[in-house]
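Hi everyone, thanks for coming. I'd like to walk you through a model I've been looking at, so let me put it on the screen.

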Amino acid sequence: MPELIAKSALEGQGPLTLGGVTLAEAVVGQITSIAVFAGKEKAVAKALKPLGLTFPEPNCWSAKGDARIIWTGRDQAFLTGVEPPMIEGAAVTDQTGGWATLSVSGTAAVEALMRLVPLDLRLMAFPVGRAVRAPLNHMNAVLIRTGDYAFDLMVFRSMARTAWHELESAMQALEARAMLKS
Amino acid sequence: MRIDGKGLIDRTKPVRFRFDGRDYAGYKGDTLASALIANEVKLVARSFKYHRPRGVLTAGSEEPNAMVEVIGAKNQTPNVRATVQEVFEGLVAQSQNRLGSLKYDLLAVNDYLSPFLSAGFYYKTFMWPRAFWEAIYEPIIRRAAGLGSLSGKHDEGIYEKAFAFCDVLVIGAGPAGLMVALTAGRSGADVILAEESHHIGGRLLGDGGVIGGMAAADWVASVLAELTAMPNVRIMLRTAVTGAYDHGTYGALERVGLHKSARPNLPRECFWRIVAGHAVLATGALERSVAFADNDRPGIMMASGVRTYLNRYGVVPGKRVTLFANTDAARGVARDLMAAGVTVAAIIDPREGASAVEDCPVHLGAEVVGTRGRLGLREITVRKGSDEFKIETDCLAVSGGWNPTLHLTCHMNGRPRWNDELAAFVPMEGAVPGLVAVGAANGTFSTHGALATGHAAALRAVQALGRRVSVDLPDAEDAPYRIQPIWQVAGEGRAWLDFANDVTTKDVKLSAQEGFRSVEHMKRYTTQGMAPDQGKNSNVAALAVLADATGRGIAETGVTTFRPPYVPVSIAAMGAGGRGAGFAPQRFLTSDQASRDRGAPMIEAGLWYRPSYFPKPGETTWREACDREVRMVREAVGVADVSTLGKIDIQGKDAGRFLDFVYTNMFSTLPVGRVRYGLMLREDGLVLDDGTSARLGENHYLMTTTTAAAGLVMRHLDFVHQAFCADWQVRFISVTEAWAQFAVAGPKARALLNSVLDEPLGDVPFMAVTTVRVGGVEARLFRISFSGEEGYEIAVPTRFGEALFRDLLARAETMGGGPYGMEALNVLRIEKGFITHAEIHGRITAHDIGMEKMVSAKKDCIGKAAAQRPGLWGPDREQLVGLKAVEAISAGAHLFVPGAEVHREMDQGYVTSVGWSPTLDAWLGLAFLKDGRARIGGRIRLVDHLRGIDVICDVCHPVFHDPEGVKLRA
């Protein structure tokens, strides 16, 4: 009988620090999409209550312990880091492994991301707790701010290598620019 | 010639560079132009059309003359303005647009032919003699045309693009811009200060003066220090704002590494998109020349350029300088030169009433009417009243007044308005929403005016942002401008307007004479303003000459349209990162490494990389591998990664109803645990996509799409849901990436699966779905087949994909099976007559592919009504058939009746897919043939003009292999 080994999207890829940015593959555990059926908001809220979470407002995310709930679209959110509860009134779909999560942190994190994401990522416009569906160059991504200098970025698993490469290139350019000044 | 003690160059850091094969020395902080002037190099370029000798004219990005090629290890960049390019150790540049050496340019013969090459000459070559155009004129003009040359290689340099956001964007860091940045910065607002040059200060660096009791340079340094310390201010040097776009968006080009020798990972340029709440245009003004005879010789320069070279770079372009200017402000050039110990031969001022009190001879009411010196100015001729006299001089500084640099205000179709007092166009207020022009860019030419208007604009922006700030306005000179316009000097000889494109006053007059009287027509007729400087130096003067020639006023004549970009922008910067594989994301399968480990060449399918075939030792062509893989599937078992197919999870009590609406056939009646093939139409009735959908539960379906249309179908479902049935209880989401799915096909498929499954398969009928376990992992098993054999697809969560793939292959190989790639997959499906997007390519109806019966009569669906339109069905349509031939056939070939003429009107159809079938020992194809189904059993002639193929084929039913489907259901 076979024993199947699970591999993450960027299995074996260690963190990279360059140009004031640290890029790493993040382990977020289980990912479940929750799509609320019309008029079933209360039932969904009730199901999420034991986790200490509420269904997020558009462009927001929140967390309780390891569990996060991230707005990802109209009437849709991703629950990560926790076994999903039984939810009446929502379409619940396992997405674990379908998304690669990259953490981008450091004082120059915004500088790296502003090479690829065409959104205003200044702290006042995009504070901690915000989540957006945004293009990462040509890729569709989910971007959340986890700290003043920290972001998590979710991309399709199959595109994880391109996402890594593009962020790495941005970081290399930042590093080269910094060397120019010194 | 260097002047001691002058300039902002770093004299402790000498720099060696090369121009036209000769080594020179300059200093850090020099531009190529200033360093060449320091080395007394006067001749730097040849003009575009007549190949006239040209020298440096200006000290800014508007330079029309001094364009050079910069040669790097990986790049050869033409049309680099020597006035912008900073020198660095090892810089290699060469002059361009010459045949032979710069000094003895053979194409200078054009200058002697100029009577035949006047404005519009090449439009005339179109007309007569007619036969000459293609044979003679065009090749000659084409060879001579173009500025600079390219290496012919890919530009492998690194470029960057970036997005920035701010409250206040300040464009230009002269006195006005600095005042804005300081005021807005102190209020705490987010400020971006973009400065085109490599120093902030603007004209203050070139003109000097006193601000707030300090020397201007000291004031600039103190402001810079304060701005640098503010975390809310981003100073972007070497950044030219190139365009104004909707919603406060501005394009900007930053020269990141062009002032250094190439180094790893350092971008050459960065193209910025800056979104600003408020923008302030503080770009200053551009000095304009005067058109007099032979005013284009090396050594004749703009007065402001001479002053900038002296004060900012510590160089002077001559030993005996003459000034020809019509404003009081320009007198400062002569005073600065004399103060630095340079001889000023004379000041020639066309204004009768101007002051004659200077420390050098002043000729009032005088004009320059001629010049001498082929490769460098030697002498000028001055006319005063009826007298003419000559002055020996090697540098003539010219000023015809100033034009506000208002280009950005016109980028959204605004037109500037004429101001008689300034004899210049000034910006129209509100021409670009959110953009305010201040200082010289708005026609306020004094330093005090620049500071005051910048201060006021900043206060308004700060207030609008809900912030408060109090900044004192420093004192500065507030001298009046006092211009008396002079555009051209009457006299013999050619007087140049557009130096870059060799346009003279005579050309403009000729244009008017030949009926091209509108300024836009004149521009195209003469090519004035169409060179890399885009007429920055010549526009206003040219239209003044046109106004004169047509007897209209300048305001009435108007200007041509200023369009982005303000300065040339390399395409490489705008498309940064998009070269080669950077063009689009690459999508990799979980089995990617395992396939590559087996030597499989990968082929792109959309953004995915899929294995083409899996070569075995001894196989020399892809065909050998493909044939083997086909036989392997037909005789034993094959494994293929089919994860690229789109998978959409659909849930809700209206899920079945929703599928009935988007598919032509019925899904609400599908039993749980079963799979059905479905056909989807576009709203126009043509086929959108096909695929299977499985019913996983009462209110739960899983749809599969083709690889190519996965995104398209998802978008279509979203559209249908939102537009037509938003109130239905249905939700869907892509799970393409969540599952790795493998086809296991062949007579031994069941045996292979049983060897990996935790429990042996029970009765799984054809077109069923069930849940199985592999090593404890829950998996989905579909009994479907795209090969015509007994086939299954097993799906596991993606993280287990690679492990399962490797395991399946290892086991398959012990059974005489193995992996198969896209080539074999294609042959297998052609043998079985299954369609792909090669067939359903967007112009195909259900009727065309023989699936009209799949359009259910019991219900409505998207596209059903539109599919009934005349012309979309019947014997006139080309219908799907199979082709069989003994010789090689090709996709893309066209079909003709044997014996009939082969030309377009006789076309009977075309071939969409072909392959060699090792199973049937023949070439097979799928094709669309007019009334094809009625012609099955006949013969058709296949002609491929591109590949030279001409073969008679049998027309067959498209399903060649196992037409009864016995094997599928085995």
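Predicted model: local features only at pLDDT ≥ 70, side-chain atom pairs only at ≥ 80, totals over all residues.

Chain B holds 23 helices and 50 strands. How spread out is chain B? Its radius of gyration comes to 38 Å, while the globule rule gives 30 Å for 970 residues, so the chain is more spread out than a compact globule. Along the principal axes, the C-alpha atoms of chain B fill a box of roughly 110 × 70 × 55 Å. As for burial, 54% of the 970 residues of chain B count as buried. If you take the contacts in chain B between residues at least 6 apart in sequence, 66% of them join residues at least 24 apart.

Now to the sheet. Five strands of chain B make an open, mixed sheet, in the order β2-β1-β7-β5-β6. At the edges sit β2 (22–28) and β6 (76–81) of chain B, each pairing on one side only. On average, neighbouring strands here are turned by 40° against each other, direction ignored. Strand β1 (residues 10–19) of chain B runs antiparallel to β2(B), with seven bridges between them. Within that pair, D10(B) stands opposite K28(B).

Finally, the contact between the chains. Chain B brings 46 residues to it and chain A brings 42 residues. Which element gives the most on the chain B side? That is β8(B), with six residues. By class, this side of chain B has 24 nonpolar, eight polar and 14 charged residues.

Thanks, and I'm happy to take questions.

Note on methods:
Residues numbered from 1 in each chain as written. Chains lettered and ligands numbered in written order. Contact = placed C-beta atoms within 7 Å. Helix = DSSP H or I, 4+ residues; strand = E, 2+ residues; numbered from the N terminus. Nonpolar A, V, L, I, M, F, W, Y, C, P; charged D, E, K, R; others polar. Pairing = 2+ DSSP bridges. Axes fitted to C-alpha atoms, helices over the stretch in contact; angles between N-to-C directions. Rg over C-alpha atoms; globule rule 2.2 N^0.38 Å. Buried ≥ 20, exposed ≤ 12 C-beta atoms within 10 Å, placed from the backbone.
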